[in-house]
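Please have the sequence and model open while reading.

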Amino acid sequence: MKQYQVGIIGATGMVGQRFATLLENHPWFTVKKLAASARSAGKTYEEALGDRWCMSTPVPESMKNMVVLDASKVEEVADGLDFVFCAVDMPKDQIRALEEAYAKAECPVVSNNSAHRHTPDVPMVVPEINPEHTGIIPAQRKRLGTKKGFIAVKSNCSLQSYVPALHPLRKYGLTKVLATTYQAISGAGKTFEHWPEMVDNLIPYIGGEEEKSEKEPLKLWGHIEGDVIVDASGPSITTQCLRVPVSDGHTAAVFMSFENKPSIEQIKEDWAGFVGEAQKRNLPSAPKQFLHYFEENDQPQIKTARELEHGMAISIGRLREDSQYDYKFVCMSHNTLRGAAGGAVLLAELLADQGWMD
């Protein structure tokens with residue numbers, strides 16, 4: 001595999017920091033440029049971060065003294081790069097415009113942002129679920145007038161806490177899903193140090209999260225028709241999303257019903273045997289086993305399961321029959337690894353392996 005020269009846009013934020021740590025020793029990708037807002041531009045990465053470094057490992061040595069560029073100076077940042085990762089904190093219309101500007105500068109964008117998730121010709125991909133959606137890229141390039149540039153996005157972090165477990169079960173005619181997500185504070189880009197109000201607290205509302213959680217799975221499960229991705233018509237999904245006093249890791253309590261109800265043993269077999277495209281291609285960031293089922297009644301627990309397979313695996317437990325739906329279970333994922341930066345790095349690996357970055 002060739003070495004790709006990459007940039008991180010929004011490098012000073014929490015997800016940008018996570019990108020920096022994940023890419024520090026990546027076998028395929030070398031970080032050549034860091035970009036952020038104009039107020040960080042001109043400073044070294046370490047200076048721009050100040051006391052805002054949130055990761056448990058130190059600032060990567062190779063990036064410490066890199067001078068941060070102004071993300072709005074697209075040509076300067078894009079020059080010489082094979083593609084960029086994007087995790088900026090801006091209004092959605094500005095993010096859409098910025099990402100399109102990079103794509104039009106012939107610099108592909110792998111985005112952690114939600115701004116383009118519902119753009120019909122932008123693939124929103126979880127490599128184990130819908131790798132074929134990258135096939136929409138030629139249609140997007142035609143619209144943008146580009147030869148190489150395009151935008152690809154990862155889904156909302158909370159989806160990873162229930163959609164991967166549902167995915168192998170769709171063959172039984174999954175009709176309806178109810179999911180309540182219990183979401184870590186890092187999903188808001190916060191730590192307990194910077195958000196002390198969350199200690200011993202629960203907030204039963206996360207702006208826009210329920211709409212994303214109900215709609216985005218239907219795009220993942222959709223199909224390409226002409227020049228657009230058409231959402232799946234079902235299952236019907238309803239969600240509630242709560243912010244809980246946990247540093248990292250989103251948990252979901254999930255209820256599901258089927259047209260052709262499988263047995264508990266069949267479901268567990270489907271989870272254990274599931275292999276996605278990321279595993280088939282042996283991508284560097286892919287977990288060897290994507291879905292892990294725990295038989296113990298008190299598992300999976302955030303503290304012990306969130307780092308499973310470097311935080312890229314999905315942990316499932318407590319599968320049992322339900323009085324209103326066919327079955328219920330709990331599911332958990334690391335929201336800033338599998339759910340955010342790690343998921344975007346895995347998507348970039350898929351795109352590179354499929355040849356879209358060349």
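## Helix α1

Helix α1 (residues 14–23) is largely enclosed by the rest of the structure, because nine of its ten residues are buried. Buried means under 20% relative accessible area, exposed over 50%, and partly exposed in between (1.4 Å probe, protein chains only). The buried residues are Met14, Val15, Gly16, Gln17, Arg18, Phe19, Ala20, Thr21 and Leu23. Helices (H or I, at least four residues) and strands (E, at least two) are DSSP runs, numbered from the N terminus.

The cover over these buried residues includes the strands β1 (4–9), β2 (29–36) and β4 (83–86). It also includes the helices α2 (45–49), α3 (61–64) and α13 (337–354). Contact here means heavy atoms within 4.5 Å.

## Basis of the model

The model is predicted: local features need pLDDT of at least 70, and side-chain atom pairs count only at pLDDT 80 or more, while totals for chains, interfaces and linings use all residues. Residues are numbered from 1 along each chain as its sequence is written, and side-chain values use heavy atoms, with hydrogens and water left out.

## Cis peptide bonds

Most residues other than glycine have a negative phi, and most peptide bonds are trans. Glycine 234 and proline 235 are joined by a cis peptide bond with omega about 10°. Proline 235 sits in the loop between β9 (228–230) and β10 (236–243).

Another cis bond links glutamine 299 to proline 300, with omega about 0°. The loop holding proline 300 runs between β12 (291–294) and α11 (302–305).

Glutamate 309 lies in helix α12 (residues 308–311) and has a positive phi near 50°. Its relative accessibility is 22%, so glutamate 309 counts as partly exposed.

Histidine 310 also lies in α12, and its phi is positive at about 60°. Histidine 310 is exposed, with a relative accessible area of 71%.
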